[in-house]
Amino acid sequence: MEPKKALTLSFHGWTGGGKNFVSKMIAEHLFKDGMDSQFVHMFLSTLHFPHRHKIMIYQDNLVQWIRGNISKCDTSLFIFDEMDKMPPGLLDSIKSFLDYHASIDGHSFNKAIFIFISNTVGIQLTKVAINFWKQGKDRTDITLKDVNKILIDGAFNEISGLQYSSIIQNNLIDFFVPFLPLEKFHIELCARDEIKHRRGVATAKLLTEVADSLLYYPPNSLLYSTSGCKQVAKKLDLLIDDEL
C-alpha cells in the first residue's frame, strides 16, 4: 500500500536519552548495512549547516540532495541531528517532500522517512517526570497524552531548526516522540550493554560503580542522569583501567 506522505518523526529529550540509539535501530531494521547504508543520510547541524548567513545556500543544497537520493531509493532515510543548533527556517525548504503529494517532478517521496533529533523540550519533560514522582507515580505511568502538547509547543517555540516552522504549522510531523530522563537503573542497563559489546563480564559491582560515577538531577533527590548514557563508555574505560 502506497503511503500518503513521508513518515516524519521528531525526537525530543535530554542528551544521552537514546534518540540516536533509536535512530540507529530504525536504520538497522530497514537496511542491511544500517547506518553505513548508502540510503541512510545523516545531517549534523554543526557540520553541515554551521553558518546562519548561508541558510539560502543550505536550503538549495538540501533540496537537491534529497531529490537526488530519492531518485536512487524511494525508501531513503534522512536523519537530522542537533536540530537545536540548526538555523530556524532551514527545513521549510523541504516542506514539499513531507507533504501529501502523489509525486513531485515524477518522483514519489511518500516512502521516505525523515527523523529530526533535538535536545529541545528536555527540561519540560524532566519537570513532568519529577511531578509524577512527587505524586508517587512511576516514570512509566507517563503517557504521550501527558506530554504531547508540551512537545509540540516546545518544538515550535524554542530556538531550533523547527522554530516557527511551516512543517509544524501544517501538521506534517506524524509523531513527536519524547525521550524521558534516565534513572540510575537505566544507566546500569546501558553499562551492561556496553560491557556485553566489549565481550566483558558485567558484574553487579561494576554496573553500580559506573552508575554512581555520573551526576544526577535534581540536587535534592538525584533522580535522573544529567548526561543520560552518553558518558557510560568513558566511565567504563576509567574504571577498567583502575582495576588493571
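**Aromatic rings and their neighbours**

In this predicted model, Y58 is a buried residue, with a relative accessible area of 8%. That value falls on the buried side because the cut-off is under 20% relative accessible area. F49 is buried too, at 5%.

So how do the rings of F49 and Y58 sit relative to each other? A pair of aromatic rings is described by two things, the distance of the centres and the angle of the planes. For F49 and Y58, the centres are 5.5 Å apart and the planes meet at 70°. Planes over 60 degrees apart count as edge-to-face, so that is the label for F49 and Y58.

Zooming out, the count of aromatic pairs comes to 10. One of them joins F31 and F39, and this pair is tilted, with 6.0 Å from centre to centre and 45° between the planes.

The charged end of K137 sits over the ring of F132, at 5.1 Å from the ring's centre. Over the ring of Y216 sits the charged end of K184, and here the distance to the centre is 5.0 Å.

Conventions:
Residues are numbered from 1 along each chain as its sequence is written. This is a predicted model: local features need pLDDT of at least 70, side-chain atom pairs count only at pLDDT 80 or more; totals for chains, interfaces and linings use all residues. Side-chain values use heavy atoms; hydrogens and water are left out. Rings of Phe, Tyr and Trp (its six-membered ring) pair if their centres lie within 6.5 Å; planes under 30 degrees apart count as stacked, over 60 as edge-to-face and the rest as tilted. Buried means under 20% relative accessible area, exposed over 50%, partly exposed in between (1.4 Å probe, protein chains only). A charge sits over a ring if NZ of Lys or CZ of Arg is within 6 Å of the ring centre and within 35 degrees of the ring normal.
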